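Dear colleague,

I am passing on the structure we spoke of, and I have set out below what turned up when I went through it. Please read the notes with the structure open beside them.

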Amino acid sequence: MNTQKTAHRAEEYLHACIAAGGGSLLWNRAEDGRWYQAQIVVDLLDASLLLLRWGGPHNNRNAGKTLLLDPLDADARRTLVRRLCARRAQHGYSLAEPITPQPLRKECVPCP
């Protein structure tokens with residue numbers, strides 16, 4: 001799949017995750033085993049977060065960062081997602097099968 005199609009497909013899935021209030025995408029690079037994950041979660045205060053994590057087999061210090069999505073308007077979110085997905089494609093990552101957008105449970109569940 002070419003770079004532009006890969007980036008566009010990833011954008012669609014990530015927007016669906018944002019709309020659903022949860023879900024994640026995983027990119028990987030076959031030649032060196034590196035991976036990159038973008039995950040949408042909603043925290044206890046109903047703030048939407050974008051969790052980004054990356055790493056590989058030769059680096060056991062997996063890095064990451066968290067971005068708060070709520071202060072961003074729709075155009076800024078689209079730009080952020082477009083740039084993120086284009087960058088992964090430009091760096092040779094291919095999209096692994098995405099996890100279906102799925103919101104996390106919001107009700108409390110008692111511990112066993």
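This is a predicted model: local features need pLDDT of at least 70, side-chain atom pairs count only at pLDDT 80 or more; totals for chains, interfaces and linings use all residues.

The buried residues in question are Thr6, Ala7, Ala10, Glu11, Leu14, Cys17 and Ile18, and because they cover an arc of only 135 degrees around the axis, they lie on the same side of helix 1. The face turned away from that buried side carries the exposed residues Gln4, Lys5 and Ala19. Helix 1 has 18 residues and reaches 26 Å from its first C-alpha to its last, close to the 26 Å expected at 1.5 Å a residue, and just after helix 1 comes Gly21, with a positive phi of about 85 degrees.

**The core**

The largest nonpolar core has 19 residues, of which Leu14, Trp27, Ala38, Ile40, Leu84 and Cys85 touch the most other members. Two or more residues of this core come from each of helix 1 (3–20), strand 1 (23–29), strand 2 (34–42), strand 3 (48–56) and helix 2 (74–90), with helix 1 giving the largest share, 5 residues. Beyond its neighbours within four places in sequence, Ala38 is in contact with residues including Leu14, Trp27, Leu50, Leu52 and Leu84.

**Two further points**

Cys17 counts as buried because its relative accessibility is 0%, and Cys85 counts as buried because its relative accessibility is also 0%; a search of the whole structure finds 0 disulfides.

With best regards

Definitions and conventions
Residues are numbered from 1 along each chain as its sequence is written. Side-chain values use heavy atoms; hydrogens and water are left out. A disulfide is a pair of cysteine sulfur atoms within 2.5 Å. Buried means under 20% relative accessible area, exposed over 50%, partly exposed in between (1.4 Å probe, protein chains only). A nonpolar core is a set of buried Ala, Val, Leu, Ile, Met, Phe, Trp, Tyr and Cys residues joined through side-chain atoms within 4.5 Å. Helices (H or I, at least four residues) and strands (E, at least two) are DSSP runs, numbered from the N terminus. Contact means heavy atoms within 4.5 Å. The expected span of a helix is 1.5 Å times one less than its number of residues. The arc is that of the directions from the helix axis to the C-beta atoms.
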